[in-house]
Amino acid sequence: MDRREDDNRTHLGAIAPGGQCTVARVGCDGCLGQRLGDLGLVPGETVTVVRNAPLRDPIEIKVSGFLVSLRRCEASLVEVTAK
Amino acid sequence: MSARILAALAGQPNCGKSTVFNMLTGARQHVANFPGVTVEKKSGHFKLGGSSCELVDLPGAYSISSYSPEERVTRDFLLFDHPRVVVNVIDASNLRRHLCLTVELLELEANVVVHCNMMDVAERRGQKLDIEALAARLGVPVSSGVGRKGQGREKLAAVMTQAMEQPPKDEPFRVDYGPLEPHIRAVEDVLAEGGELGAPRRWLAVRLLEGDAGAMAFVGEVFFDPVRLGALVAERQQAFGEASGESPAAFAALARRRLARNLAQAATLKAAGPERTATDRIDDLVCHKFLGPVILVAVLFVLYQVSIVYGYKLTNYTWPLLAGLKNFVAGYLPPSGMLEDPVLRSLGLWFMDSINALLNYIPIFFLLFFCVAFLEDTGYMPRMAFILDRLFRSYGLHGQSTLPMVLAGVYLGGCCVPGVMACKAIPDDKSRLATILIIPLMNCLAKVPLYVLLVGAFFPQEASAAMFFISTVTLFMALPIARLLSGTLLANLDSAPFIMEMPPYHMPTLRNLLTRAIEKVALFIQKIVTVVAAVAVIVFVLLQFPGISREHKAVYQQRLDEARGQLDAAVAGSRFETALTGDGLLHFLRYEDAYKTARTGVEDAEAAKAVDARFRDDNPDFFAILKPRADAAAKTAQAGVKAFAAARDGITLEMRRERLETSFLGILGRALEPVTQFAGFNWRVNAGLLSAFAAKESAVATMGAIYKLEAGGNDNASLEDSMRKGEADFTPLHALALMLFMALYPPCMATSMMIKVQTGQAKWMVLAILYPMVLGIVVASAVFTGARLLGLDGVTAMWSFYAVAVAATIIAGLIPHRTPGVLPVAGNACPATPTP
């Protein structure tokens with residue numbers, strides 16, 4: 001893709017299954033921010049979106065070799081750069 | 001060395017901590033709750049070196065913040081209970097994430113040893129670890145092993161001993177917080193003025209700057225000038241935020257995670273390859289768009305089939321044991337009387353019946369808990385939540401609500417006690433409570449007999465359709481209720497984000513599964529059976545007292561005497577006259593009972609002969625009456641005794657009926673008639689329903705006792721027939737209202753107690769008992785009175801109600817929740833809990 005770097009800036013909920021991205025910023029703190037970090041969503045980390053649930057929500061992602069599932073509304077708070 | 005060493009086991013969820021715990025302590029475990037919270041505290045003992053070591057299994061926590069009860073419990077235990085050594089179990093195949101907790105434990109200045117578990121998984125993934133390098137970098141002893149296979153026990157015990165004998169390090173482990181360091185030092189300096197605070201100063205300073213609610217509350221208690229400290233912390237937080245553009249909390253967490261990442265890299269000689277693991281391949285099937293739901297239904301069906309259906313069959317084998325127990329106890333109670341049993345005897349038998357009714361479920365529970373442990377250990381549970389979360393979320397429930405609902409009987413037959421116990425796995429307070437509160441609306445096994453009775457008696461033409469109706473309509477009532485509860489009463493509870501690890505699949509070990517199943521059955525016996533035993537006595541009083549008046553008793557006695565007179569006349573002059581005179585008759589009746597009991601289940605001809613011989617030797621006269629063969633005198637005596645026994649049975653039945661009518665329960669049933677008439681319930685139904693509080697099976701038994709009398713006490717008539725005869729004006733509409741009320745019936749005692757245990761608060765138990773009662777009477781009245789006014793018959797009313805319930809479910813699913821999703825920069829996504 002020959003779009004500019006900024007155009008690749010999106011959020012995790014917008015990545016289609018099979019897509020890869022890098023975490024840029026976790027846009028929330030408190031309990032949710034803590035949990036996202038606990039499960040490996042740390043800036044710089046590469047994330048692969050594995051699949052959607054049968055009803056499209058939640059989504060399953062792979063981060064540092066491990067699988068994590070989260071709802072779309074929570075995924076949308078994770079800012080990422082699409083690869 | 002001190003007599004007993006206190007050690008703790010800490011680790012993140014899915015690190016295999018419980019297998020390490022079992023490996024160390026074996027079967028000697030004790031389960032309780034941490035004070036004030038419903039988090040389970042498991043402890044066990046084992047020999048370490050020459051001394052006895054008490055090992056406390058701390059709950060799985062990702063970090064040591066104040067966001068979840070598990071984290072708070074872990075923190076408080078480490079700070080205030082001063083374990084001599086803390087074993088930090090980490091998943092060797094996922095060092096990067098699990099070392100985050102290690103870093104936090106070291107910051108707490110706990111005496112840590114690290115145990116790398118699941119070395120086999122790491123090896124399978126092609127990872128090679130450098131344990132020595134990890135130990136050197138962390139500055140603490142590190143051991144490794146495979147907990148599931150029991151490998152590494154000696155090594156772990158050795159490093160634990162080593163850690164305990166080591167002198168405390170001069171230079172404690174430090175995380176380099178870079179630009180945050182000056183601020184940390186400033187806060188530390190102020191804290192130093194307070195002397196020894198009971199928590200590491202540097203750790204406290206970092207946590208304060210991060211705005212941790214628990215740390216704030218802690219200094220509020222132990223520091224002499226919390227106001228000045230608070231002002232300094234706020235000032236420093238602001239200064240750091242302005243300089244770096246980041247909150248200290250996010251920055252500090254990131255610094256720890258970076259350090260964990262570096263440590264993991266240093267300890268990894270060879271990283272896992274990018275190739276797909278077995279877990280990936282299984283997930284392709286299990287979480288597949290179409291196949292996933294199919295597998296889910298199949299798994300639930302097998303679970304149901306194995307535990308409920310086979311478990312129920314298993315009770316056929318265990319029931320005789322319980323019956324034997326009851327007979328054994330009965331042998332020590334005062335013997336039965338002619339008309340009435342002594343109170344001690346009837347109380348004793350009632351007590352045994354109540355306890356046995358519950359103990360009878362143990363085979364079912366055991367299989368159920370075993371299957372659930374299997375699903376948990378394999379790692380299937382989070383997948384189940386993944387597939388169904390979207391559906392349940394619309395009703396304020398959680399993906400993990402599926403299993404509790406299935407266990408409680410989402411279709412037909414289950415048990416609410418394991419259902420409520422399984423709610424523990426739901427990580428979100430709000431959805432967990434919503435699930436617990438709708439669990440009693442499921443169709444547990446004990447509700448089924450009443451359904452079968454009513455459907456058989458009043459919907460004989462549409463029996464299967466009516467059974468389908470009542471089996472499925474409960475879900476369509478429960479879902480809108482869950483939505484209603486989560487929007488109203490539960491609206492203010494904490495709602496945790498749905499972020500869940502999907503752990504790699506594991507093959508569970510039989511030993512772990514058995515341990516868990518036995519543990520849960522023991523919990524059931526411990527918590528439930530004692531309470532039920534106490535309540536059984538209360539119900540007994542309600543059923544038996546005030547009892548029959550003396551005048552009426554005299555009348556019954558007179559009728560019995562008349563029957564006795566006839567018997568005496570029949571045997572007068574025969575050789576049996578003396579045997580049956582006075583108390584002889586009562587002795588004969590007991591003899592006959594004993595004979596029947598002895599012959600029950602004896603099919604072998606030889607054994608039967610032996611029993612006969614024993615009874616013949618015991619009392620030849622009685623045996624002749626029992627088996628007259630060609631003896632004419634004996635035949636006359638037998639006919640006389642039979643006639644007397646029939647008369648006596650009739651009288652005792654009438655007495656039982658009168659006792660019930662005049663009992664507190666009967667009085668209550670009548671008192672409720674003005675309210676329940678709109679639902680079509682008369683006092684008899686009320687009394688039956690009230691007695692179901694003890695156990696729902698009692699409803700049918702009590703009604704059965706009442707209706708049998710109405711139908712003339714004919715034991716051979718089926719209960720359906722006697723009910724139809726007993727309630728001549730009962731219509732299918734009455735039956736429908738009654739079935740709906742039973743569907744919405746409050747939880748039984750056992751379930752109520754379990755709700756209290758699981759929620760930790762009596763108020764939720766009270767709510768779980770009260771709301772179904774109100775709702776039940778409202779729904780039953782609306783259906784009964786409404787259908788009467790509209791002139792609908794039972795079947796039409798049934799399907800109209802079904803349509804209404806389905807519509808309510810669809811509408812409830814479409815109503816958006818008040819807080820759609822989570823707000824960005826969600827400081828309030830999980831409101832911080834004020835004090836730990």
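Two strands are taken to pair if DSSP finds at least two bridges between them. Helices (H or I, at least four residues) and strands (E, at least two) are DSSP runs, numbered from the N terminus. The model is predicted: local features need pLDDT of at least 70 and side-chain atom pairs pLDDT 80 or more, while totals for chains, interfaces and linings use all residues. Residues are numbered from 1 along each chain as its sequence is written, and chains are lettered from A and ligands numbered from 1 in the order in which they are written.

**View 1. Strand S6 of chain A with strands S2 and S1 of chain A.** Strand S2 (residues 20–26) of chain A is joined to S6(A) by five bridges, and the two run antiparallel. Within this pair, A:Val23 stands opposite A:Val80 in S6(A). S6(A), which spans residues 78–82, also pairs with strand S1 (residues 9–11) of chain A, in the antiparallel sense and over three bridges. Here A:Glu79 in S6(A) is the bridge partner of A:His11.

**View 2. The contact between chain A and chain B.** In total, 39 residues of chain B are in contact with 34 residues of chain A (contact: C-beta atoms, placed from the backbone, within 7 Å). Elements of chain B that each supply at least two residues to the side touching chain A are helices H3 (95–107), H11 (248–267), H13 (291–332) and H16 (381–393) and strand S10 (499–502). H16(B) gives the most, with six residues. By class, that side of chain B holds 24 nonpolar, seven polar and eight charged residues (nonpolar: Ala, Val, Leu, Ile, Met, Phe, Trp, Tyr, Cys and Pro; charged: Asp, Glu, Lys and Arg; polar: the others, Gly among them).

**View 3. Strand pairing across the two chains.** Strand S5 (residues 66–70) of chain A and S10(B) run antiparallel and are joined by four bridges. A:Leu67 stands opposite B:Met502 in S10(B).

**View 4. Helices H7 and H10 of chain B.** The axes of H7(B) (residues 181–192) and H10(B) (residues 226–244) come within 10 Å and cross at roughly 175° (axes: lines fitted to C-alpha atoms over the stretch in contact; angles: from 0 to 180 degrees between N-to-C directions). The two helices are therefore roughly antiparallel to each other, a term for angles over 145 degrees. B:His183, B:Ala186, B:Val187 and B:Val190 in H7(B) meet B:Leu229, B:Leu232, B:Val233, B:Arg236 and B:Phe240 in H10(B). This contact has seven nonpolar, one polar and one charged residues.

Note on methods
Angles under 35 degrees count as roughly parallel, over 145 as roughly antiparallel, 65 to 115 as roughly perpendicular and the rest as oblique. Two residues are in contact if their C-beta atoms, placed from the backbone, lie within 7 Å.
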